[in-house]
Amino acid sequence: MDRSKVGKRSRRKGASFERDIARVFAAWLGCNVRRTPMSGAYGGEWNLGGDLMFGATVPWYVELKNRESWRLEQLFADKPCGPVLGWLETTHTEAEREDKIPMLVFTRNRVETYVALPLAHVESDLGLQDVVQLRAVMFLPGMWVVAPLQHLIDAVPRESVIGVR
């Protein structure tokens, strides 16, 4: 198979996921949300947040991953492993540079979409004193909370997000 077609298909898959998540966030937050072109150099009225640009002030640096290389079982292991941990580390580093709160949204084919956020942010900024309100929650090293994205959306009203710094 032509390797250039594989790369093109992968980029298209990632871009499609980014557009889908942008629509989900826009519906949840009631503001414009778009993919960040070329992961980058946009400004003006947009609040950049990693892979997404928001038309309102939000606290997050959002990294989106649609890859087949991870399994949920890797996160439940005695010593969690797999690419998700590296994605968390990278997202945290990039978010710190932007003075934002890291958020990783990840999925793969035929699996629901998950979100990972720092536990302290979920409890203090988003007002979920009992993280179990998210249902199906898991904790990872470094005090990360992982839950299905839809559970976060269902549990956190937009007023708790817009304008939070």
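**Exercise 1. Find the accessible surface of the protein chain and the share that belongs to carbon and sulfur atoms.**

Step 1. The accessible surface comes to about 9,000 Å², computed by the Shrake-Rupley method with a 1.4 Å probe, where for residues only the protein chains shown count as cover.

Step 2. Carbon and sulfur atoms hold 49% of that surface.

Step 3. A word on the source: this is a predicted model, in which local features need pLDDT of at least 70 and side-chain atom pairs count only at pLDDT 80 or more, while totals for chains, interfaces and linings use all residues. Residues are numbered from 1 along each chain as its sequence is written, and side-chain values use heavy atoms, with hydrogens and water left out.

**Exercise 2. Describe how the protein chain is built: how many helices and strands are there, and in what pattern?**

Step 1. Helices (H or I, at least four residues) and strands (E, at least two) are DSSP runs, numbered from the N terminus. The protein chain has 5 helices and 8 strands.

Step 2. Along the sequence they follow the pattern α-β-β-β-β-α-α-β-β-α-β-β-α.

Step 3. Of the 165 residues, 44% count as buried; buried means under 20% relative accessible area, exposed over 50%, and partly exposed in between (1.4 Å probe, protein chains only).

Step 4. Now look at contacts, meaning heavy atoms within 4.5 Å. Among contacts between residues at least 6 apart in sequence, 54% join residues at least 24 apart.

**Exercise 3. Check the span of helix H3, then work out which of its residues are buried.**

Step 1. The expected span of a helix is 1.5 Å times one less than its number of residues. Helix H3 has 15 residues (83–97), so it should span 21 Å, and its end C-alpha atoms, 22 Å apart, agree with that.

Step 2. Val 84, Trp 87, Leu 88, Thr 91 and Ala 95 are the buried residues of H3. Seen down the helix axis, they fall within an arc of 100°, so they line one face of H3; the arc is that of the directions from the helix axis to the C-beta atoms.

Step 3. The buried residues of H3 pack against several elements, including strand S4 (60–66), helix H2 (72–76) and strand S5 (101–107).

Step 4. Zoom in on Thr 91, which is buried with a relative accessible area of 0%. Leaving aside residues up to four places away in sequence, Thr 91 touches Tyr 61, Glu 63, Pro 102, Met 103 and Leu 104.

Step 5. Just after H3, Asp 99 takes a positive phi of about 55°.

**Exercise 4. Count the salt bridges in the whole structure and say where each one sits.**

Step 1. A salt bridge is a side-chain nitrogen of Lys or Arg within 4 Å of a carboxyl oxygen of Asp or Glu. The search finds 3 salt bridges.

Step 2. Glu 18 pairs with Arg 35, their closest N and O atoms being 2.6 Å apart. This pair links distant parts of the chain, with Glu 18 in helix H1 (residues 3–29) and Arg 35 in strand S1 (residues 33–35), 17 residues apart. Glu 18 counts as buried at 14% relative accessibility, whereas Arg 35 is partly exposed at 31%.

Step 3. Arg 23 and Asp 20 meet at 2.5 Å, N to O. They lie 3 residues apart in helix H1, so about one helical turn separates them. Arg 23 is exposed at 52%, and Asp 20 is partly exposed at 35%.

Step 4. Lys 65 and Glu 63 form a salt bridge at 3.6 Å, N to O. Lys 65 is buried at 14%, and Glu 63 is buried at 11%.

**Exercise 5. Count the aromatic pairs, then classify the pair of Phe 25 and Trp 28.**

Step 1. Rings of Phe, Tyr and Trp (its six-membered ring) pair if their centres lie within 6.5 Å; planes under 30 degrees apart count as stacked, over 60 as edge-to-face and the rest as tilted. The whole structure holds 8 aromatic pairs.

Step 2. The ring centres of Phe 25 and Trp 28 are 5.7 Å apart and their planes stand at 55°, so this pair is tilted.

Step 3. Both residues lie in helix H1, 3 residues apart, about one turn of the helix, and both are buried.

Step 4. Ring pairs link Phe 25, Trp 28, Phe 54 and Trp 60 into a cluster.
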